[in-house]
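Trainee: I have a two-chain model open and want to learn to read its interfaces. Can we go through it together?

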Amino acid sequence: MAEGGDVDWELSKENIQPLRRGRAISALHQALSQQQEGDSSAINQQRQAFESELRMYDGDDPLNVWDRYIRWTEQTFPQGGKESNLATILERAVTRFTEENTYFDDPRYVELWIKFAGNCPEPLDIYRYIQAQGIGLKQASLYIAWSEQYENNGNYRKADLVYQEGFKKGAEPHDKLQQFHKALQARVSRQVMMNVEEDDSDEEHKQPERVSLAELKSRGKKKAIAPINRVGSAIRSVHSGMQSHAAPALGNASNSKLVVFDENKSHAGPSEPKLEAWKAPPTSKAKENKQKPGVWCDVKIPLKTKFGHTLMAPPPPKPAFQPFVEESDQPPTMTPCKINPAVNTVLSARKPCREETPLKRLQDHHQQHNEAVSGKPQEQSMYCKELLLSGATEFCFEELRAERYFKKMRQEVGGQKDEASASASN
Amino acid sequence: MTGSNEYKLNQGPDDSISAVKFSPSATQFLLVSSWDGTVRLFDVGSNTMRMKYQHSAPVLDCAFYDPTHSWSGGLDAQLKTHDLNTDQDTIVGTHDAPIRCVEYCPEVNVMVTGSWDRSVRLWDPRTPCNAGTFTQPEKVYTLSVAGDRLIVGTAGRRVLVWDLRNMGYVLQRRESSLKYQTRCIRAFPNKQGYALSSIEGRVAVEYLDPSLEIQKKKYAFKCHRLKEEGIEQVYPVNAISFHSIHNTFATGGSDGFVNIWDPFNKKRLCQFHRYPTSIASLAFNNDGTMLAIAASYMHERGDINHPENTIFIRQVTDAETKPK
């Protein structure tokens, strides 16, 4: 429990996403109060200012603008979520500099990748891609975050291997890497100790227990009756699934075998692919929450006859009579109703598009870049496309020109002030 | 290469033109808003500038309320109305960010403004005062009135249809059928639908009636593209204007061409000569006898040398604008 004055944030602390670097309390207070008052215009203005800075920047460190923009977004939207647009900004930022080797060992750029990986459904794939591209190979922070990811997945062996890789590459700062590695080792040994203790306590008493889905020896001569005592010797065999007998007591012979998953039999964990040179990042396989909503009503459950054949139900015949239509002078007044996009896809707000993941987009971007360099483009856009679309949100031509106008005005006002003060001091 | 049916307006603005709008009742009065901060009233018949008034920043759109009142807004985020008889200004209200669109709805007698602050505001022109603020999902880039319906085009390629008599909820939420940023939306005079253009040489014709049979009729086509040495050059389509009688429409692009389209037969009726620079805005007058063409570089390719800004007034014939 925090002590001292302002602890209003405690009231909503479950909604505040933690940041690696911690949050500035003043920014947090401002963000929370702004949200309570529903005052979004200040936030929109600040965001527009960042977006225009991204487009107008002509210095030699564009990463700086992206970095500040992302930090501001994190501080201003404590809950994260869609409104912050953080995922899009991160993705644009990392994609923007994938061809710029000068940033590859910049700790800020590596930090962006780590945040991006954290947002992706398969962070480990992202880390492997980073390594393949040669980004951040000398940054301790990369190995630390990567190892943490393995640790979260319960793969301590790999977590340790990552640190070995880091030491091999001479990642800096070395002390930090060692310190975190030692911490990992401490956690791992604690875990091992706990496992060992559990095993010991298991062996002390082992009473006969029922085993699920085991085959039991049946009693009775004519009919197979399940025994009352189903432990120990009553178990005929422990199979990992039900099997159909020669003389089936229930069901048809054509019933397919129900195979019950036995975790002890299957091989331990998915095997890791070999670390070979990656041309493009792998596509993500996680499908949860990535499917866009689509039309549901045309999916039919096929009917089955009693022989197990699949039938399509014949469409209901049209009625032979003419449905009665009441005659009235006026057509029914249009009562306002909400058009349910699930029922009427004609005006669906978001059309279902092919499955897209951040990795797939990175892959496409890579391909496009290679194509543009090698082949001649077929279509040429006769306007400043990059400027319009380069930030995280889009601009129109007028907005771009407006930003240039405002910048010029600010410079002029600044110039006038200088002149005024110069003449005043004379 | 202007023929006798076309002439340039004198005393035009000193900087890019943002919008040209003809008076809804008088066939020869034209309002012009510009990045030089002025709004000018022209009598195109006698080719004279009748009046000019100033904003403190570039003006992005203007509209007639009635023949004697003009409304305008721009980067200073102030909505102004100007009495064209007394030459007097009034500041009606503000938005929180630059005002991008100003339109009038005669059926509901309300002025509508759209802004980059993601809101649409309604204004009662008689008092004049604010009659409501309505949040949109994104920055407003274009809007158009069809009867009592308001069609709003925002960033993120979204299109929203509102009922101006009942702004409590959105009537329809759509996504533009074009893949690129929406540039302009204009409603059909017959109020059946609207034409939508994008920054990548395409126009879509869409219908308001949500029933399936009507929605099947919607379509899109490529336009304002030039083939040069095997590469297709794609230009933004900046302006659309409908002929009030024939329901055909003109489009103007950054390629400097103006095309007239017949949306029912899906044909191009006519293409005029190439203008010196990008077409920023188009306006038919209310009886469809004249078309105002604002040829004005819009800085789509940054700050480069460009021809000067000109407004052409062209007398159009049925041959050019009537469906065959």
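Trainee: Which residue of chain B forms a salt bridge with A:Lys385?

Mentor: First, the ground rules. This is a predicted model, where local features need pLDDT of at least 70, side-chain atom pairs count only at pLDDT 80 or more, and totals for chains, interfaces and linings use all residues. Residues are numbered from 1 along each chain as its sequence is written, chains are lettered from A and ligands numbered from 1 in the order in which they are written, and side-chain values use heavy atoms, with hydrogens and water left out. A salt bridge is a side-chain nitrogen of Lys or Arg within 4 Å of a carboxyl oxygen of Asp or Glu. Here A:Lys385 pairs with B:Glu200, and the closest N and O atoms are 3.2 Å apart. The count between chain A and chain B is six salt bridges.

Trainee: Which elements of chain A each supply at least two residues of the side that touches chain B?

Mentor: Helices (H or I, at least four residues) and strands (E, at least two) are DSSP runs, numbered from the N terminus. In chain A, the list is helix H2 (41-56), strand S5 (379-381), helix H11 (385-389) and helix H12 (397-425). H12(A) gives the most, with eight residues.

Trainee: How many residues are in contact across the two chains?

Mentor: Contact means heavy atoms within 4.5 Å. By that rule, 37 residues of chain A meet 50 residues of chain B.

Trainee: What area do chain A and chain B bury between them?

Mentor: Buried area is the accessible area (1.4 Å probe) that two parts lose on being put together, summed over both. The value is about 3800 Å², with 52% of it on carbon and sulfur atoms. A:Met382, A:Glu398 and A:Arg401 supply 20% of the area that chain A buries against chain B, more than any other three residues.

Trainee: Which strand of chain B pairs with S5(A)?

Mentor: Two strands pair if DSSP finds at least two bridges between them. S5(A) pairs with strand S23 (residues 231-234) of chain B, in the parallel sense, over three bridges. A:Glu379 stands opposite B:Glu232 in S23(B).

Trainee: What do domain 1 and domain 2 of chain B bury between them?

Mentor: Use the area rule again. The two domains of chain B bury about 1300 Å², 69% of it on carbon and sulfur atoms. In contacts, 18 residues of domain 1 of chain B meet 16 residues of domain 2 of chain B. The salt bridge count between these domains is two. B:Glu107 forms a salt bridge with B:Lys191, at 2.9 Å between the closest N and O atoms.
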